[in-house]
Amino acid sequence: MVASTELIIGRLLDKYNDKLHTELIHKNNTELLVAVLLSPRCNDNQVNKVTKELFKKYKTFDDYSSANIKSLYKDLSGLNYYKTKARHLKKASGILIEKFNGNVPRTMPELLELPGVGRKVANVILNEGFNIAKYGIAVDTHCIVVSQRLGLSKNKTADKIEVDLKKKVPERYWKVVSNLFIALGRDTCTAREKFCERCVLKDLCPSSEI
Ligand code: SF4
């Protein structure tokens, strides 16, 4: 039987109360959007290493939009899929200038207009940048693994798992659940191996080996 999500989240909040925010380093919402846009298929350390230099050189969406694409490729070359990400970033910056006056929009439909922005990226921007969680839950690879092992979803894709989680997780936890599952996924419930003996959910989880 699947334990109540209240109980699961309560345990995770006790254990990972210092992990409630993204580890992508940023000083404002422009930097947040850029960092999150660059993050798919990379770990946070990889992104932070690249953005440390990138943010010294590019301050506004105008800077990204007017950048020479080859220079941008070079500046992002420490990332997986950097060429695609560079093209998305340049194009998204143009749209942000033309349609949103150079500001980061604060609704899901508007964010989804930007190339390279899917629901996960948009949810992170809304949660971290605007404290808005009403649109949903950011589901990354850690969330996928943890949700499946906890029996909260049988689905395989992030968008379908988000739908399942939204039904099961009370809305007041939508902002934190993603970062809690990421913390658990990095700590004890990794995709490769589960360390159930030291997991705070070992007595609640249907996949526990204890
Ligand atoms: S008990 Fe094991 S399978 Fe379940 S969440 Fe913890 S580490 Fe993952």
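Residues are numbered from 1 along each chain, in the order in which its sequence is written. Because the model is predicted, local features need pLDDT of at least 70 and side-chain atom pairs count only at pLDDT 80 or more, whereas totals for chains, interfaces and linings use all residues.

The protein contains 11 helices and 0 strands. Here helices (H or I, at least four residues) and strands (E, at least two) are DSSP runs, numbered from the N terminus. Read from that end, the elements run α-α-α-α-α-α-α-α-α-α-α. The radius of gyration of the protein is 18 Å, close to the 17 Å that the globule rule gives for 210 residues, so the protein is as compact as a globular protein of that length. This radius is taken over C-alpha atoms, and the globule rule is 2.2 Å times the number of residues to the power 0.38. Along the principal axes, the C-alpha atoms fill a box of roughly 55 × 30 × 30 Å.

Of the 210 residues in the protein, 37% are buried. A residue is buried if 20 or more other C-beta atoms lie within 10 Å of its own, exposed if 12 or fewer, and partly exposed in between, with C-beta atoms placed from the backbone. Two residues are in contact if their C-beta atoms, placed from the backbone, lie within 7 Å. Among contacts between residues at least 6 apart in sequence, 59% join residues at least 24 apart.

The protein is divided into domain 1 (5-20 + 137-198) and domain 2 (29-130), with bounds that come from an automatic or database domain assignment. Their C-alpha centres lie 25 Å apart. The contact between them takes 8 residues from domain 1 and 5 residues from domain 2. On the side of domain 1 that touches domain 2, the largest share, 3 residues, comes from helix α10 (residues 158-168). The residues of that side divide into 4 nonpolar, no polar and 4 charged. In this division, Ala, Val, Leu, Ile, Met, Phe, Trp, Tyr, Cys and Pro count as nonpolar, Asp, Glu, Lys and Arg as charged, and the others, Gly among them, as polar.

In soluble globular proteins, nonpolar side chains tend to be buried together. A nonpolar core is a set of buried Ala, Val, Leu, Ile, Met, Phe, Trp, Tyr and Cys residues joined through C-beta atoms within 7 Å. The largest one here has 55 residues, and those with the most contacts inside it are V36, L37, L38, I125 and V177. Helix α11 gives the most to this core, with 8 residues. The core draws at least three residues from each of domain 1 and domain 2.

Helix α2 (residues 29-38) is mostly covered, with 8 of its 10 residues buried. Among these are V36, L37 and L38. The cover over the buried residues of α2 includes α3 (44-57), α4 (61-65), α6 (82-100) and α8 (119-130). Leaving aside residues up to four places away in sequence, V36 touches L24, V121, V124 and I125.

K175 lies in helix α11 (residues 174-187). K175 is buried, with 20 other C-beta atoms within 10 Å. Not counting residues up to four places away in sequence, K175 touches N127 and A133.

Finally, 13 residues surround the ligand, and the closest are C189, C196, C199, C205 and S208. The residues of this shell divide into 7 nonpolar, 3 polar and 3 charged.

Conventions. Near = placed C-beta within 6 Å.
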